[in-house]
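Here is a short briefing on one protein chain. Keep the sequence and the 3D view open while you read.

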Amino acid sequence: MAAICEHALNSRLTPPSSSTPVYKEECTQCFDNYDMDGGIEVCLSCFNGGCSEGPHQHAQQHSMKTGHYLTLNIKRIAKAQSKSSDDERPAKQTKLEIREESEDSKYEYQTFVRCWGCSGAKVEDGLENIEPTVQAVIHAVEASKGSEIKAWSEEVTACEHFESLEQSPADGFGLEKMHQCSSCDKRDNLWMCLVCGHVGCGRRQYDGTGGNNHAIGHFEKTGHKVSIKLGTITPEGTADAYCYACDDNKMDPNLASHLAAFGINVSAQQKTEKSVAELQLEQNLKFDFSMTTADGVKLQPVAGPGLTGLRNLGNSCYMASVLQCVFGIDRFRDRYFPSAAEHFATCSHSRPAQCVLCQLHKLADGLWSGRYAVLDTNSEGETGHQRGIPPAQFKSAIAKDHYEFSTMRQQDAFEFFQHLSKQVNIVERSVSSGSRDPTKVFDYATEERLQCTRCKKVRYKTQRASSASLPVIKRVTEQPGSGDQDADAKTQRFAPVPLRECLDLMTSDETVEGYSCPECNVPTLAVKSTRFATFPKVLAVQVRRFELVNWVPQKLDIPVTVPFGPIDLGPYQGHGIQPGEEKLPETEEPEQGDSSEAQPAEEAIDEAVVSQLESMGFPRVRCVKAVRKTGNCGAEAAMNWIFEHMDDPDIDVADEPSAPSVAACSNNPPVDPEAVEQLMAMGFDRSRVEKELANAGGDPNRALDRLLNFDGDAGGEASDVAMASPANTKANANDDSETASKFELTGFVSHKGSSVHCGHYIANVRQGLGSDTQWFLFNDSKVVLQTTPDPEQAYIFFFTRSD
């Protein structure tokens, strides 16, 4: 019998609003969920979710830390499903639609209120002061699902072209012509012009599927701007609508009257085709590929510590593949897995689901404890794959406020790796001044050598880096029955390229035209090369397998052969100024053509992204401008900016440096004390913080970028190797080495698919040493033993230094 609890009788609870996150399906500090025996305890004060059984008991820990004694225990139990007889036939499908399957038909829910102030005793049901809050929690949307719904949602609005539409149906228009493209035999993905009624097929997709561009061709020929997708019209008056002038999905607020002009009665329509959003959702949730070897043998499912899969949230494979590689690194595992319990007991953050450090510890515990890595067994006793753990709360925390990663769209895995490293670096600076930051395993120094070909004098600079971008060599092999070198990249076959050739190309000399030599005092020709100054503990390498074709990035399936044994990067190390070389005079002037030319002192730009865009064929000035305008948010955002501003008259005019002089800085108003304290809490000293805030015009985000990218008082310039030996360029707290140069491949991320805009990411990770070495393939929640991994098509490599 439930106890009469004084804590419950005296509680004054406030029900959650529709915008309040309610964590009722999964513990915010581990991956225990409401399908397990103990269920989930939802705090009735702050709506945090905690586990009540098992090794952690986070619900009780949360109660003791916060004084929130009352929780609602929620447990979900699957109902026994009745099997249909063989004679039963499924209902005939009369239209294509996505139906929501009612959970009430599949599960039943058990709930009761518990008081941790009374040693976890059950509380009497129906108390009028707590019942409204209990019911609100029961009917609330789970916080992670609310985030996903918001992320999936695309805000579609009307535009002036629909609102001011003038219609003139073409002569001879008839409803019988709406079932086929007027220019080809396509009968699906049809779009009707709302001006004249022309019916044309949709755009051809990057992988060759889709239509034949006849709808957009009609717009280009006639200037008729708006159309709707046939088959998506509903009796409620909605349909997929598109404005070619705005080049975006739009809403037609007057769809019924616009269709009436063509004799179409909206109320009599039935939806017969999936909408664009439905097709995207279906494609990305159901994408899979064969988990077999080349000879058809099914790969063996495995599970255990370090072999826990990550459930696909819908377009989250880019994140899952990177996380499996990163948390397979000893430094990451050792930083977050052993200390998880200690962190949860001491963390002062009021909402663990929104604390990045909490979610890093939670993820490490989920991946390495082995608690959630259990292979499923079907009714016939056959072993299948594990279910994996859902990294929804981790994604919400690590991608908070990021305009791309916070969405449910597919993203670039390498850009996510860079974002992850930056966010971990930021939060680690707030604890122990970053002394335990695991991202330091990626840090190293590069040496840039520049030589004027006229006076032969040189300049050496070093810069800190955390990843490398590797160019590839495109060698098209002859096609069967064709020797056309200009064939479409989807049908071309490329010769394998050894890793050594890519490294040779990355460190080779490049020409700098129009270099303003401070010795010659005239524009000259210079040569520049970049080599390793030090070597990281783990070298992360992106392979640039794409090119720009008609201003569209196209994937190139160029195989890169990588040895599984030791790889010596010693030949690619620089050694500073050499005997007999003369240094160029010091100058504060930007050097034309040099990499520092478009990097004004007030703002750091991501050179890796600039290089990536340059490799696609964009001029450097556009790349630098795009990276700066998009706030260092990655290659995709910068590339989109370039496309949107292609016709700007000043697209090829470099931005004027706007950094204030020292004298000007002294006249600036005082920087925001709150921003100073915020950045100092990350481990930076006050003088640097105030200086960079002043240079960034008070913007803490831009100041943080400079604080993270430049050391000490470098003022935005890289250090000069001529002034300091390589030994002095190494930061004491980092793991890079000047002498250890041998590496082995320990992980890689591969992209499956013909287009850079879609497809699927998987990860391969090596575990063990010597004769105990094993490779495992991570395909979202599926994990299998892989005896012969294939890194030839990898997009990201992780090489670990052999010390």
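Buried means under 20% relative accessible area, exposed over 50%, and partly exposed in between, with a 1.4 Å probe and protein chains only. This is a predicted model, in which local features need pLDDT of at least 70, side-chain atom pairs count only at pLDDT 80 or more, and totals for chains, interfaces and linings use all residues. Residues are numbered from 1 along each chain as its sequence is written, and side-chain values use heavy atoms, with hydrogens and water left out.

**The chain as a whole**

- The protein chain has 23 helices and 31 strands. Helices (H or I, at least four residues) and strands (E, at least two) are DSSP runs, numbered from the N terminus.
- Of the 803 residues in the protein chain, 47% are buried.
- Contact means heavy atoms within 4.5 Å. Among contacts with a separation of 6 or more, 69% join residues 24 or more positions apart.

**Helix α6 and H218**

- H218 sits in helix α6, residues 214-222.
- H218 counts as buried because its relative accessibility is 12%.
- Beyond neighbours within four places in sequence, H218 touches C193, C196, H198, G223 and H224.
- The buried residues of α6 are A215, I216, H218 and F219. They lie on the same side of α6, because they cover an arc of only 150° around the axis. That arc is taken from the directions from the helix axis to the C-beta atoms.
- An α-helix has 3.6 residues a turn, so residues three or four places apart point the same way.
- The buried residues of α6 pack against β6 (190-193) and β7 (199-201).
- E220 and K221 are exposed on the other side of α6.

**Two buried tyrosines**

- Y34 is in the loop between α1 (6-9) and β1 (40-43).
- Y34 is buried, since its relative accessible area is 5%.
- Y34 and N73 are 39 residues apart along the chain, and their C-alpha atoms are separated by 8.7 Å.
- Y460 belongs to strand β14, residues 458-465.
- Y460 counts as buried because its relative accessibility is 3%.
- Y460 and G576 are 116 residues apart in sequence, and the C-alpha to C-alpha separation is 6.7 Å.

**Helix packing: the terms**

- Axes are lines fitted to C-alpha atoms, for helices over the stretch in contact, and angles run from 0 to 180 degrees between N-to-C directions.
- Angles under 35 degrees count as roughly parallel, over 145 as roughly antiparallel, 65 to 115 as roughly perpendicular and the rest as oblique.
- A crossing is left-handed if the near helix is turned anticlockwise from the far one by less than a right angle, and right-handed if clockwise.
- Ala, Val, Leu, Ile, Met, Phe, Trp, Tyr, Cys and Pro count as nonpolar; Asp, Glu, Lys and Arg count as charged; the others, Gly among them, count as polar.

**α9 with α14**

- Helix α9 (residues 317-326) and helix α14 (residues 413-429) cross at roughly 55°, with axes that come within 9 Å.
- α9 and α14 are therefore oblique to each other. Their crossing is right-handed.
- From α9, Y318, M319, V322, L323 and V326 meet A413, F416, F417 and L420 of α14. This contact of α9 with α14 holds nine nonpolar, no polar and no charged residues.

**α12 with α14**

- Helix α12 (residues 356-368) packs on α14 at an angle of about 115°, with the axes 10 Å apart. α12 is therefore roughly perpendicular to α14.
- The crossing of α12 past α14 is left-handed.
- V356, L357 and L360 of α12 make the contact with V424, V427 and E428 of α14. By class, that contact has five nonpolar, no polar and one charged residues.

**α20 with α21**

- Helix α20 (residues 673-680) and helix α21 (residues 686-695) pack at about 130°, their axes 9 Å apart. α20 and α21 are therefore oblique to each other.
- The crossing of α20 past α21 is right-handed.
- α20 contributes A675, V676, E677, L679 and M680 to the contact, and α21 contributes R686, V689, E690 and L693. By class, the contact of α20 with α21 has six nonpolar, no polar and three charged residues.
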